[in-house]
Amino acid sequence: MPDHDTRRDAARLADSRLTDKDCERYAGMTAGLKAIQIASILTPQPAAEEEFAEREAFIKGLLGSGTDAGGRAHKLAALTSNMNRDEIKELVAPTATPPAPDPNLPTPYERARKEADRLIAKRKREILERECFGLVEFVEPAHGFDVVGGMEEVKKDLMVIAESIREGRTSRVPMGILFTGPMGTGKTFVAEAFAKECGLTTIKLKNFRSKWVGATEGNLEKILNVIRAIGQVVVIIDEGDRAFGNTDSEGDGGTSSRVIARIKEFMSDTSNRGRILFLVMTNRPDKLDVDLKRAGRLDRKIPFLYVQTPEEVELVAKALLRKNKIKTDVELATIRDGFSSKLVGYSNADIEAVILLANEDAARESGGDAAVLDHHFLRAAVDYFPSRDQELLDYMELLAVFESSSRRLLPAKYASLTPEDLDARLRHLRAIVGNRR
Ligand SMILES: Nc1ncnc2c1ncn2[C@@H]1O[C@H](COP(=O)(O)OP(=O)(O)O)[C@@H](O)[C@H]1O
Ligand SMILES: [Mg+2]
């Protein structure tokens with residue numbers, strides 16, 4: 001894989017019009033691509049129709065309002081396809097004042113750069129997904145933090161980490177982050193929103209268990225090389241307990257345990273610190289490989305818990321109204337008693353279900369685009385019945401509290417819990433639900 005300087009030179013060779021700044025930028029953006037791939041993307045394309053129309057308008061402006069200016073401009077536009085504006089003006093009407101460019105429109109140069117940016121992102125994705133045998137997927141989520149309700153501390157922490165990566169303050173960046181908490185608390189959702197916000201390439205190691213079984217160890221090395229070459233990258237591993245769980249009974253001649261061992265080794269390679277950030281999610285940190293939890297691999301642990309207060313329910317609910325583009329003027333705080341107070345302890349996924357139920361109710365009552373009113377929300381809150389294994393959820397919540405690397409991230413009721421209390425409660429629940437899923 002070419003290094004930064006080589007990629008910058010490849011960009012310059014591909015398109016001599018690029019400024020030094022552009023070349024630097026492309027060198028960064030194209031990390032993970034081969035020089036020949038960079039060249040093929042950046043080499044200027046033949047003039048597009050759009051450019052023709054623009055040239056024609058420019059020439060028409062030069063020719064003024066004389067008879068047949070339109071027809072002449074059309075012909076001249078075809079003949080001047082490889083000339084720049086100064087040359088065209090010199091040729092067509094050296095004494096005319098060129099039409100003033102519309103300051104609201106991007107210049108052709110800016111447009112070309114934008115198009116190149118889009119192409120690089122698209123091609124890079126295609127090339128890397130192919131070179132990674134479909135085991136790696138680029139994450140390009142629709143939503144950012146604007147639709148994540150509450151979790152202010154977590155969002156802030158994550159953004160500080162992303163900034164440290166972008167600015168190369170590597171010692172400030174954890175090797176890996178673990179999101180723990182029961183299902184439906186937003187681990188996957190926040191990870192994806194983070195991918196959108198952080199400004200870093202984000203990839204997901206796909207469907208580990210079943211897929212990697214077929215991967216040869218040679219392929220794996222190639223993939224790890226690609227990841228390293230991308231640099232400044234967030235690598236998401238969802239449902240980490242399944243990906244890295246117990247490998248004893250695999251029955252594939254040990255391939256998957258070797259693959260997993262190699263990935264673990266890669267995750268603890270400190271020379272990647274600050275350049276590759278692993279984000280692992282699980283609701284069963286107790287089943288996660290102990291090596292992985294050891295300090296030095298996933299060294300920041302963030303608890304995801306069910307909402308604890310009516311105010312938090314309202315923050316999440318408002319975010320979900322935005323996300324689902326639901327029409328309503330209801331101020332949720334005014335129906336706190338019958339609505340948000342009832343939903344305390346629900347998962348965020350449950351809260352979403354309640355809101356969607358209210359929306360359906362409104363549509364049934366007054367038609368497709370009717371706004372959702374007080375009584376729809378209140379009715380949905382009564383009607384919705386979360387099906388759940390409460391003991392298991394309690395256990396997952398306590399595990400998340402137990403793993404948390406910071407008391408600051410815990411709600412009041414846990415921040416003051418003594419380690420002995422926590423331990424006793426965990427032990428009690430483990431005895432009841434330790435083997436349930
Ligand atoms: N903080 C939040 N604000 C708004 N909606 C959320 C939030 N967290 C989760 N959700 C909603 O709940 C759904 C389930 O969350 P998800 O990330 O799948 O949970 P997990 O991965 O922890 O099981 C998401 O699709 C999202 O719509
Ligand atoms: Mg999830």
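Which helix gives the most residues to the shell around ligand 1? Helix α15 does, with 4 residues. This is a predicted model, in which local features need pLDDT of at least 70 and side-chain atom pairs count only at pLDDT 80 or more, while totals for chains, interfaces and linings use all residues. Residues are numbered from 1 along each chain as its sequence is written, chains are lettered from A and ligands numbered from 1 in the order in which they are written, and side-chain values use heavy atoms, with hydrogens and water left out.

**Ligand 1**

- The shell around ligand 1 has 18 residues, of which Gly184, Lys187, Thr188, Phe189 and Glu352 come nearest; a residue is near a molecule if one of its heavy atoms lies within 4 Å of it.
- At least two shell residues come from each of α9 (187–197), α15 and α17 (348–366); helices (H or I, at least four residues) and strands (E, at least two) are DSSP runs, numbered from the N terminus.
- By class, the shell residues are 9 nonpolar, 6 polar and 3 charged. Ala, Val, Leu, Ile, Met, Phe, Trp, Tyr, Cys and Pro count as nonpolar, Asp, Glu, Lys and Arg as charged, and the others, Gly among them, as polar.
- Polar backbone atoms lie 2.7 Å from a ligand 1 oxygen in the case of glycine 184 and 3.3 Å from a ligand 1 oxygen in the case of threonine 185.
- Lysine 323 places a polar side-chain atom 2.8 Å from an oxygen atom of ligand 1.
- On its own, ligand 1 has 560 Å² of accessible area, and the protein covers 85% of this (Shrake-Rupley method, 1.4 Å probe; for residues, only the protein chains shown count as cover).

**Aromatic pairs**

- There are 4 aromatic pairs in the structure. Rings of Phe, Tyr and Trp (its six-membered ring) pair if their centres lie within 6.5 Å; planes under 30 degrees apart count as stacked, over 60 as edge-to-face and the rest as tilted.
- One of them is the tilted pair of phenylalanine 179 and phenylalanine 304, with 4.6 Å centre to centre and 40° between the planes.
- Phenylalanine 179 is in strand β2 (residues 176–180) and phenylalanine 304 in the loop between β6 (300–303) and α15 (310–323), so this pair ties together parts 125 residues apart in sequence.
- Phenylalanine 179 is buried at 0% relative accessibility, and phenylalanine 304 is buried with a relative accessible area of 0%. Buried means under 20% relative accessible area, exposed over 50%, and partly exposed in between (1.4 Å probe, protein chains only).
- Phenylalanine 266 and phenylalanine 278 form an edge-to-face pair, 6.2 Å centre to centre with 85° between the planes.
- Phenylalanine 266 belongs to helix α13 (residues 255–267) and phenylalanine 278 to strand β5 (residues 276–282), 12 residues apart; both are buried.

**Charges over rings**

- Arginine 85 has its charged end over the ring of phenylalanine 58, 4.6 Å from the ring centre; the criterion is NZ of Lys or CZ of Arg within 6 Å of the ring centre and within 35 degrees of the ring normal.
- Arginine 388 lies over the face of tyrosine 346, 5.9 Å from the ring centre.

**Threonine 80**

- Threonine 80 sits in the loop between α5 (69–79) and α6 (85–92) and is buried, with a relative accessible area of 0%.
- Its side chain makes a polar contact of 3.5 Å with the side chain of arginine 55. A polar contact is a pair of N or O atoms within 3.5 Å; within protein, one must be able to donate a hydrogen and the other to accept it, and residues adjacent in sequence count only if both atoms are side-chain atoms.
- A polar side-chain atom of threonine 80 is also 2.8 Å from the backbone oxygen of leucine 76.
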